[in-house]
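Here's a quick tour for anyone meeting this structure for the first time. Have a look at the picture, then read on.

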Amino acid sequence: MQLTAKHEEYWRKNLVYTAILLFIWFVVTFVEAWYARELNAFTFLGFPFGFYMSAQGSLAIYVVIIGVYAMLMRRLDLEYNVDEGDLE
Amino acid sequence: MSSQVFSHKTFNQSLKKYYSFYTGGFIAFVLVLAVAEQIGMSRAWIGYWFLFATIGLYAGIGIMARTAEVAEYYVAGRRVPAFFNGMATGADWMSAASFIGMAGTLFLGGFDGLAWVMGWTGGYCLVALFLAPYLRKFGQFTIPDFLAERYGGNIVRTIGIISAITCSFVYVVAQIYGVGLITSRFTGLEFGIGVFVGLSGILVCSMLGGMKAVTWTQVAQYIILIIAYMTPVVWLGTKHTGIPIPQFAYGYTLQKVGDLEKKITADPKEQEVRKIFADRAAAGRAALAAPDKSYAEGKAKVEKALADAKTANVPADQIAAAEKSVAAYPKDMAAAKAGWTRETGLAARAAPPRPHAEPFVGKDEAARNTARLNFIGIVFCMMFGTAALPHILMRYYTTPSVQQARVSVFWSLFFIFLLYFTAPCLAVLAKYDMYSNLVGSSFASLPAWAAAWAKVDPGLLNITDFNKDGIVQWAEVVIGGDLIVLATPEIAGLPYVVSGLVAAGGLAAALSTADGLLLTIANALSHDLYYKMIDPHASTTKRVTISKVLLVVVAIIAAYVTSLKPGDILFLVGAAFSLAASAFFPPLVMGVFWKRANKWGAIIGMAAGLAICVYYMVTRYPFFGINMPLWFGLSPVSAGMFGLPLGVITIFVVSLLTSPPSREVQELVEHVRYPQLTGDTMVSEAR
């Protein structure tokens, strides 16, 4: 079948969401770990900040990234009429 | 459609009711045992109750969920709600290593151990963004299914089957080892019998009901394991931080740990013990440098001491001691060299405690940078490996819809997060407790838990008074990582019933992971190899029956391999992740995101990724005895750092050099990209 322009647009938006969330993932993972020594100079809730991020902060952000993705895609599915109907 | 909406909703509600009852029942069971302990039930019986009650429960769920339907057997009928699939994935994911080993790794490794915590959680972002929704829309039964359909042909499927079986098998051996260890420790049963009892429980379950039974058992197992992990940590945390959610408050405990580390580093008694180790290591090195001379001199020295003792007319016990050291002197050069090598190893104990919160500890800038690179390497390989392990990806075939698959990844990581953000907290709390209560206590009156564990298992806890001052110095304590989780209930001063609960939790973690892995292996053999490649006309009954038989065969082989107690299990687990990342991740993700990726790109890309990964491990890991120099100082566990990029580049280049995939394949890619496509002619899912 031939995809419509709207379908192409849906996929492009999906790619944009994916790229942005992936960028955040990259920063809180690899940039954070690379500069962990420097980040440890700050203190947060009594923790050295680099330690806090690797032990807790980045993990919580991962959970949020996945939650936000599910929410955004739900909205996008409905907007572009490619959702599967209500199966919940 | 409306009746379907209705049934999913009621199904979800009754599940919530069942599992609430179940959780309440389990807590009541623990409380009854707690009372029984107070009125005199023995420790062995508490262990037996936990072992047989939980395994009986898992087998019972298997009997209730028995099935011979193909879709029920392989993908639980595709009606597992996101929330429950999340719990099941959590149990599937968290292995004996996570439950028992993780906190110990963090205790011993400090900051650098956090690479595992980050790697084993952040990988779910990749699952969510790149794989879960698309695999769910594809809607088949296994991961090789997707590769074969997308790239066409049996070569891709075969590479898929081999990779899936290799990484799952390596991983399942580690789980069965954990099962044997826990049951033998807490019930006194023999290792082999422990393996047998544990395995028979999960076999009844997965054999009767396949994915359906495994799913509902894994939900039950998650509930047990999270209660078991949290109870002692909350108790210990409240004792040291004053609030019942220690995860948020242990920053201040961490500061106190830092102060105590400085104190231990500067303490003259501690320095005295460390100097003993440094001297012994130096003596060992010197002896190894001139072995013949040292051997002769050492022998002459003990013999002379004996002769002197006899002529000098000293008390009998001194003569006996001198005789003993003559008898204990190494019989030949090989034994002597082994002894000296052991002595040089003591150099590690001559170092002051490692600062817990400090990243990338090393003697100079170059060593610190290598430590940082290896941290990144482990995070990288564990994340991409997570997103490529077939037993995890398979779980996202079981949700009712694409959107539910997306939400389900969220719940998966949420439930995993609960345990993984607790483990670093437990490590700090246990360290604080030991620095402040164990260090400085006298050998005559050690804390009760330390005395008990040092007696039971010197491999986990060894305390020896090297400088003979009768006081425990930190340098005199050797701790095995597994001690932290196993001994926490006693460190926190909880009754034995909580130790039994922790054992039941560890067992649940090991069994649930073993369940998922065995199912993956048996399905790869029965569905991908037998049904898709050997006999495509097999009836559904025959397919399910073959799958069940294979499950038992694989379990027996895995148990046999486990009984040989193969070497370094942690390395094997790490290797499984690197292999999965190199072989599976590039073709799976590029298959969805790049229409131009084709069959030859996938075949050569997977082969190249696997080849470089295996090559690097074999030529660098000490076990194989080749020991070529490391690239950039990167340890062989992180071989996926080379395998994955090479796989991506190879798929890219080879695909562009060969002809594009057919129109049908491109339509398949479009099909998986949209949850619902009007006018789409493709059959949406296998039933």
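## Where α20 meets α21 in chain B

In this predicted model, Val485(B), Leu486(B), Pro489(B) and Glu490(B) of helix α20(B) touch Val498(B), Ser499(B) and Val502(B) of helix α21(B). Sort those residues by class and you get five nonpolar, one polar and one charged.

How do the two helices lie? Helix α20(B) covers residues 483-491 and α21(B) covers residues 496-534; their axes come within 8 Å and cross at roughly 160°. Anything over 145 degrees counts as roughly antiparallel, so that's the label for α20(B) and α21(B). Their crossing is right-handed.

## Another helix pair: α4 and α17

Chain B has a second pair to look at, made of α4(B) (residues 82-93) and α17(B) (residues 402-420). The axes of these two are 7 Å apart, and the helices pack at an angle of about 45°. That makes α4(B) and α17(B) oblique to each other, and their crossing is right-handed.

On the α4(B) side, the contact is made by Ala82(B), Phe83(B), Asn85(B), Gly86(B), Met87(B), Thr89(B), Gly90(B) and Trp93(B). From α17(B) come Gln404(B), Val407(B), Ser408(B), Trp411(B), Ser412(B), Phe414(B), Phe415(B) and Ile416(B).

## Helix α22 and what covers it

Now for α22(B), which runs over residues 540-563. With 24 residues, α22(B) reaches 35 Å from its first C-alpha to its last, close to the 34 Å expected at 1.5 Å a residue.

Which residues of α22(B) are buried? They are Val544(B), Ser547(B), Leu550(B), Leu551(B), Val554(B), Ala555(B), Ala558(B), Ala559(B) and Thr562(B). The cover over these buried residues includes α3 (70-75), α8 (154-187), α9 (191-241) and α21 of chain B.

## Where the two chains touch

Finally, chain A and chain B: 43 residues of chain A are in contact with 51 residues of chain B. On the chain A side, α1 (5-34), α2 (36-39), β2 (47-48) and α3 (49-79) each supply at least two residues.

Which of them gives the largest share? That would be α3(A), with 17 residues. By class, the side of chain A that touches chain B has 25 nonpolar, 11 polar and seven charged residues.

How values were computed:
Residues numbered from 1 in each chain as written. Chains lettered and ligands numbered in written order. Predicted model: local features only at pLDDT ≥ 70, side-chain atom pairs only at ≥ 80, totals over all residues. Axes fitted to C-alpha atoms, helices over the stretch in contact; angles between N-to-C directions. Helix = DSSP H or I, 4+ residues; strand = E, 2+ residues; numbered from the N terminus. Parallel < 35°, antiparallel > 145°, perpendicular 65-115°, else oblique. Left-handed = near helix turned anticlockwise from the far one by under 90°. Contact = placed C-beta atoms within 7 Å. Nonpolar A, V, L, I, M, F, W, Y, C, P; charged D, E, K, R; others polar. Expected span 1.5 Å × (residues − 1). Buried ≥ 20, exposed ≤ 12 C-beta atoms within 10 Å, placed from the backbone.
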